[in-house]
Amino acid sequence: MNSHRKGTPSARFTTYIDFEEINDGLTTVGETVPLRPIDVPEETNVDEEKIEPHLLPGEIMIARANNVLKFAPLKANRTGISGTLFVTNFKVSFVTSLPVETKERDMHSRSLQNRFLGVHDVCLSEVDMVNQFSEDSAKKKRLLYNTQMPPRLSGLQLVLKSLRVINFSFKFTPTGEDIRVAQALLHHAFPTSIDHLFLSCGYAPSSPGIPDFCRPADWEHELQRTRCPNWRVSKHNEFFNLCASLPTVLVVPRDLLDAQLEQAAQHFQGTRPPVWCWGTPAGAALVRMAQISPSITDNNDNPVARVPVLALQAASGFLVGRTGWQWAERGLHLALEEGKPSHSRLSVSKSVGSNMKKRKVDEASQQQENRMMGLVHRCHPMRLQPKIFDLDQILPSLKEIQISYIKLRELHTPDDPTQFWEQDRHYFSRLESSRWLSHVSKCLEVAQNAATAILHQNSSVILQDASGCDLSAVISSLVQLLLDPHVRTIRGFHCLIQKEWVALGHPFTKRLGHTRNQVEEQSPVWLLFLDCVYQVSLQHHTALEFTSEYLVALWHAAHCSLHSSFMFNSVSAKYSASDVLQRENPQQPIYLRPVWSWWAENKSIIENEQNGSDEEPLDCKTSAREAFLNVHYIQKLFKSLAISGAVRRISDPLSSAYHTWQHIDCLMGETRQLPYDPATPIVPLQLDGSLRLDTSLSNLRPWLNCFCAWLSEPAMLTLNDSESLLKDSSPASHHWSHIHEMYNTMKDLLSQNLTNGAAQ
């Protein structure tokens, strides 16, 4: 898309730059250091005035710098390519006439934003840090949006949220262009509000066939699919008057009136009352809720501390331990009381202060929490007590997750080969000290405990965290992945994310740092969840219809502003941003694109022309789908058909073989735009508890194809490591060739069977 090819590179030139800091330890103070060569292919027959980046509708160019060098990763800034660097209101674009490395092209083809970004493009919202580096010093200086710029920049280093490092040198750039590019980058990559990002490219997205869970019908279909009784759909949040971070419709207990729901919501953080998100036909429900409000003020505006949830739940018949969960022996009648609080709860309330008004207000919040838990209890057909998981007590805090991520980022973004090899020697100890895998292990353990309570004890599960939209989304999603086979398919996984993360209001803007405000609230909860799913895929390699490469693509897509699914704090924030953009551009329709529309788009959606290139456009959709779809899962589907009479049963719409074949045909059919059919009738939930996990740290693996995706391999591996990788790897193309052969054979058999039946 950004490869401006006017001629064929026919020569190479070597520039000499005085890199005194890169001396490999061979010189001493005062010793003369020879100039270091930089091997850069020469661009020939290039008209600089015609070099332009490929712009989307509404995208504008802000600054450019000529004669920029882009260095290859981990090459000590000695090997790179030359070109022109542009900054637009959407991306940083490096335009060159030189060929693209195979590794970069392959990774680009397997991204969900490859139709909007070229191989050398970086979306501005993906930039995590901008550093200034100098050719005569090993030190780096971080540049901020309000940084005073020096008169001259030797180079810029971009550290991306996808754990990638890109270095640009301005050694041969005309004076002033380097500063203009840096200022434009810092201003537009770190906006003050989300609507300042480039969110709409002017193209209407194709319908992905995924419910957005903002309509009553979407939640009603989910209730029908799970057949969970005694819950209803409420439209009381239609204008976000109840809660701004929840969707316009909610699923609440059947016996709860809307007026009672509004009254109860005021006592929870963010006014997020308990809401249903999944359940079973036997009545076990999965419920998410926020903690009760952390503080209440009196007339003197003195804060009142929140009653510790552990003491409250113990007094109410619920007990959540710091390292697990269990039930107190007391009955649930305390939670169902409508009158005065019990003495045990009163004694807890007294501990927060002697002011009677404070105590009454605090007791009111406790009663509302207990009343809502009691309603969840009454929704169960057998009146079984729900299990409460206080995730603030048993899982790491958001700050701890962010600290682990920063250590993880430092470990996987080395600047040069020396740092790489130093970190490589101590890789596992550094990874362990980051505690990232410990957090993954704990999330998997809690999710498995919750799944066990639902599957084997038929208990409803209440997931409670401070905001009701962070770690509760992680655990709720994992529980459904472990128990619901539908969620393990591409379509089901899309629906899960849309429901649990997008509709129920995970604050992506805050947690992923899409704006420069509220830096202290950043925490990659989304990456934590994807890593947990990756660990599930390792232990059950045929269970998921999608691959770990697709999980990587979702993580990278979360930082592209054109994928609206991961840009906003809530559905309400999305609507507000859309309204602002529409008012600012009244003549241009605003289309906010869900990430799922990638599966429905074809190559004609975005212009095929690549900057006037005479090179044929690449259609990478087929290879990307094969990278994203788990070939072992599809082999398992074919295996289920490998019995006598399969062809006859496939022709019977009432047989399971018919539905299996329809599923395979949706995944592999050339005429299908989607890997699923949105018109497929609702399949009732069939619980499957076969995904048992070993959550011990010794059985978890670092997610290298996500964390180390941009490292040069196998160049940075030893010879023995490279040989072992080659021996252990089984090419996916080999598996796919067999799959396509089986698919075509089955189609031929079905066609012959249909012809013979018609003849008879």
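Author: In this predicted model, 74% of the contacts in the chain with a separation of 6 or more are between residues 24 or more positions apart. The chain has 26 helices and 20 strands, and buried residues make up 56% of its 760 residues. Against this background, the structure holds 21 salt bridges.

One of them pairs Lys91 with Glu59, whose closest N and O atoms are 2.6 Å apart. This pair links distant parts of the chain, 32 residues apart: Lys91 belongs to strand 5 (residues 91–95), while Glu59 lies in the loop between strand 2 (36–41) and strand 3 (61–71). Lys91 is buried, because its relative accessible area is 1%, and Glu59, at 5%, counts as buried too.

Glu422 and Arg425 form another salt bridge, at 2.7 Å from N to O. Both residues are in helix 11 (residues 417–425), and because they are 3 residues apart, about one helical turn separates them. Glu422 is partly exposed at 33% relative accessibility, whereas Arg425 is exposed at 58%.

In a further case, the side chains of Arg511 and Glu521 meet at 3.8 Å, N to O. Here Arg511 is in helix 16 (residues 508–511) and Glu521 is in the loop between helix 16 and helix 17 (525–539), 10 residues apart. Arg511 is buried, with a relative accessible area of 9%, but Glu521 is partly exposed at 24%.

Finally, salt bridges also join into a network, which links Glu222, Arg225, Arg288, Asp484, Lys499 and Glu500.

Methods: Residues are numbered from 1 along each chain as its sequence is written. This is a predicted model: local features need pLDDT of at least 70, side-chain atom pairs count only at pLDDT 80 or more; totals for chains, interfaces and linings use all residues. Side-chain values use heavy atoms; hydrogens and water are left out. Helices (H or I, at least four residues) and strands (E, at least two) are DSSP runs, numbered from the N terminus. Buried means under 20% relative accessible area, exposed over 50%, partly exposed in between (1.4 Å probe, protein chains only). Contact means heavy atoms within 4.5 Å. A salt bridge is a side-chain nitrogen of Lys or Arg within 4 Å of a carboxyl oxygen of Asp or Glu.
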